[in-house]
Amino acid sequence: MFSASEIKALKGKRKIVALTAYDFLMAKLLDEEGVDIILVGDSLGMVVYGEKDTKGVSIDDMIRHTGAVMNGVSKALIVADLPYGCGFDEARLIRDELGISCVKVEGQPDLVKALCADSFDVMGHAGLKPQQATEFRVQKEFADEAYAIEQAGAFSIVLECVPAEMAADVTSRLNIPTIGIGAGAGCDGQILVLPDMLGMNKGFKPKFLREYANLDSACRQAVKLYKEDVISGNFPSHNESY
Ligand code: KIV
């Protein structure tokens, strides 16, 4: 399994590939395809639970889904997002329950520092911070916080929804890898929310999103065929019966 320091050492050598996952089967697939980092993001609240933002995700939700992801992964670094309103005690709960010590924290350099002092591996997050943001807007005031998060001991940092040129400049000044989402090609790596990049989340199409598949249409087609076959009696066949 990749360690946080191995991920950090990739800076300047090759781009880092990161995606989110929330369940066993998808995590297994990403791991087998060589994704470096699997983030159990609190985007869970929106793409799995259908909520309007990330704020309803609890520490119990995060532990349950991170456990499911862990069951499918043998190589990638797994990062558990620290949900809204959670701090040091909840990070410890993740470590005690699951035995992993890699968490992502939005902003909060002081919390990053306290966690690093307690031997956590912390991925920072600057720019658009969904736990605090009231609207979806490109952020220009993120550089100082990114430097403070590095100083606090983070091993990498997500830069979300920031101008590409500024992200490239901050990336060149930091010693830790930047993982961009809506932050341009100058970052050390990229992350996308898995259902978004698979084309399953049809209502959501920000400028930065590239859809690599159209699972919405593939799933609809499969369900349509299944429905036709059940109604016509074509499924199950003799060979599909005991
Ligand atoms: O929760 C999440 O999925 C994230 C990514 C967008 C980086 O924080």
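The model is predicted. Its chain is divided into two parts, domain 1 covering residues 4-211 and domain 2 covering residues 214-242. Taken over C-alpha atoms, the centres of domain 1 and domain 2 are separated by 37 Å.

**A helix pair**

Let us turn to helices α2 and α4. Their axes lie 7 Å apart and the helices pack at an angle of about 45 degrees. That angle makes α2 oblique to α4, because it falls in none of the ranges for roughly parallel (under 35 degrees), roughly perpendicular (65 to 115) or roughly antiparallel (over 145). The crossing of the two helices is right-handed. Here are the partners side by side:

| Helix | Residue range | Residues meeting the other helix |
|---|---|---|
| α2 | residues 24-32 | Phe 24, Ala 27, Lys 28, Asp 31 |
| α4 | residues 59-72 | Ala 68, Val 69, Asn 71, Gly 72 |

Sorted by class, this contact between α2 and α4 has four nonpolar residues, two polar ones and two charged ones.

Is Asp 216 buried or exposed? With a relative accessible area of 19%, Asp 216 counts as buried, because the cut-off for buried is under 20%. Which residues is Asp 216 in contact with, leaving aside its neighbours within four places in sequence? They are Gly 199, Met 200 and Lys 202.

Technical notes:
Residues numbered from 1 in each chain as written. Predicted model: local features only at pLDDT ≥ 70, side-chain atom pairs only at ≥ 80, totals over all residues. Heavy atoms only, no water. Domains from an automatic or database assignment. Axes fitted to C-alpha atoms, helices over the stretch in contact; angles between N-to-C directions. Helix = DSSP H or I, 4+ residues; strand = E, 2+ residues; numbered from the N terminus. Left-handed = near helix turned anticlockwise from the far one by under 90°. Contact = heavy atoms within 4.5 Å. Nonpolar A, V, L, I, M, F, W, Y, C, P; charged D, E, K, R; others polar. Buried < 20%, exposed > 50% of the residue type's maximum accessible area, 1.4 Å probe, protein only.
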